Amino acid sequence: MAAKDITTRTASHVAIIMDGNGRWATSRGWPRLVGHRRGANKVRAIVRAAPGLGIKHLTIFAFSTENWKRSTEEVLGLMALFARYIRNEAEKLREAGVRVRFIGSRDRLDPVIQELMAGIEAKTRDCERLTLTVAINYGGRDEIARAAKKLAEDVAAGRLKPEEAGEDALAARLDTADMPDPDLIIRTSGETRTSNFLLWQSAYAEYEFTPTLWPDFTPEELAAIIDRFSRRERRFGGVVSA
């Protein structure tokens, strides 16, 4: 007989790979940073729309561990844009009930940006309407490697028995330890790669790849994707009953 129905209909945690800012700008003959600025404006619109679509956790991929390979001008511009976004949006997000948190390694980030990040996390800590998680200097492999290092250190120090060093112990040392896994991961711009994003957490996530460039992505398209998601069968390795 088939196992019990374990279909999940609600996309409570949506993660987005925001791709296509540079192409959006260059296709119009503009510098790539213009596209990144337009992309930052789009984040505001999507954050506003998310709670009304039943989203409790929204995770966005802002800057990867591989993005340091881009030109110095673009990296510096992205970091300046990131700092400006935090300064301009911190109070607005708090008033809207949005908790902000960050995942990724902070060591390589400018101390001023690290201070801004800590400030907005503290300011919005008690907000409960939506949790906005920003992945900056983030890579899935790097996250897993850092968690494995912590696990090894705990075993070596006698804080953890070797037989206790399983999946749950590793997951507890990830950047996302106190977050639910994503239900749905969206990538814009027509690319169909996961790009080292939430590798551990996405084991049973549903994916949606849209050709829309991120600056053109709208709350209406997000709503349509959520609607399609609601009709999918999610079995998590089991069998849905007839």
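Me: At what relative accessibility does Lys-123 stand?
Reply: This is a predicted model, in which local features need pLDDT of at least 70 and side-chain atom pairs count only at pLDDT 80 or more, while totals for chains, interfaces and linings use all residues. Residues are numbered from 1 along each chain as its sequence is written, and side-chain values use heavy atoms, with hydrogens and water left out. Buried means under 20% relative accessible area, exposed over 50% and partly exposed in between, with a 1.4 Å probe and protein chains only. Lys-123 counts as partly exposed because its relative accessibility is 39%.

Me: With which residue does Lys-123 form a salt bridge?
Reply: A salt bridge requires a side-chain nitrogen of Lys or Arg within 4 Å of a carboxyl oxygen of Asp or Glu, and the closest N and O atoms of Lys-123 and its partner are 3.5 Å apart. The pair links distant parts of the chain, 32 residues apart, with Lys-123 in helix α4 (residues 111–123) and the partner in helix α3; helices (H or I, at least four residues) and strands (E, at least two) are DSSP runs numbered from the N terminus. The partner, at 31% relative accessibility, counts as partly exposed, and the residue asked for is Glu-91.

Me: How many salt bridges are counted by this rule?
Reply: One of them joins the side chains of Asp-227 and Arg-231 at 2.5 Å, N to O, where Asp-227 is partly exposed because its relative accessible area is 39% and Arg-231 is exposed because its value is 55%. Bridges that share partners also join Asp-19, Arg-23, Arg-187, Glu-191 and Arg-193 into one network. By this rule the count is 20.

Me: What distance separates the closest N and O atoms of Asp-19 and Arg-23?
Reply: Side chains of opposite charge can pair when their charged atoms come close. Here Asp-19 counts as buried because its relative accessibility is 16%, whereas Arg-23, at 34%, counts as partly exposed. Their salt bridge has its closest N and O atoms apart by 3.1 Å.

Me: What angle lies between the ring planes of Phe-82 and Phe-102?
Reply: Rings of Phe, Tyr and Trp (its six-membered ring) pair if their centres lie within 6.5 Å, and planes under 30 degrees apart count as stacked, over 60 as edge-to-face and the rest as tilted. There are eight aromatic pairs by this rule, and one of them, Phe-82 with Phe-102, is edge-to-face at 5.9 Å centre to centre. It links distant parts of the chain, with Phe-82 in helix α3 and Phe-102 in strand β3 (residues 98–103), 20 residues apart. Phe-82 is buried at 12% relative accessibility and Phe-102 is buried at 7%, while the angle between their planes is 80 degrees.

Me: Which residue joins the side chain of Thr-212 in a polar contact of 2.9 Å?
Reply: Thr-212 is in the loop between β6 (206–209) and α7 (219–230), and it counts as buried because its relative accessibility is 18%. A polar contact is a pair of N or O atoms within 3.5 Å; within protein, one must be able to donate a hydrogen and the other to accept it, and residues adjacent in sequence count only if both atoms are side-chain atoms. Contact in general means heavy atoms within 4.5 Å, and, residues up to four places away in sequence not counted, Thr-212 touches Thr-188, Ser-189 and Phe-217, among others. The polar partner of Thr-212 is Glu-221.
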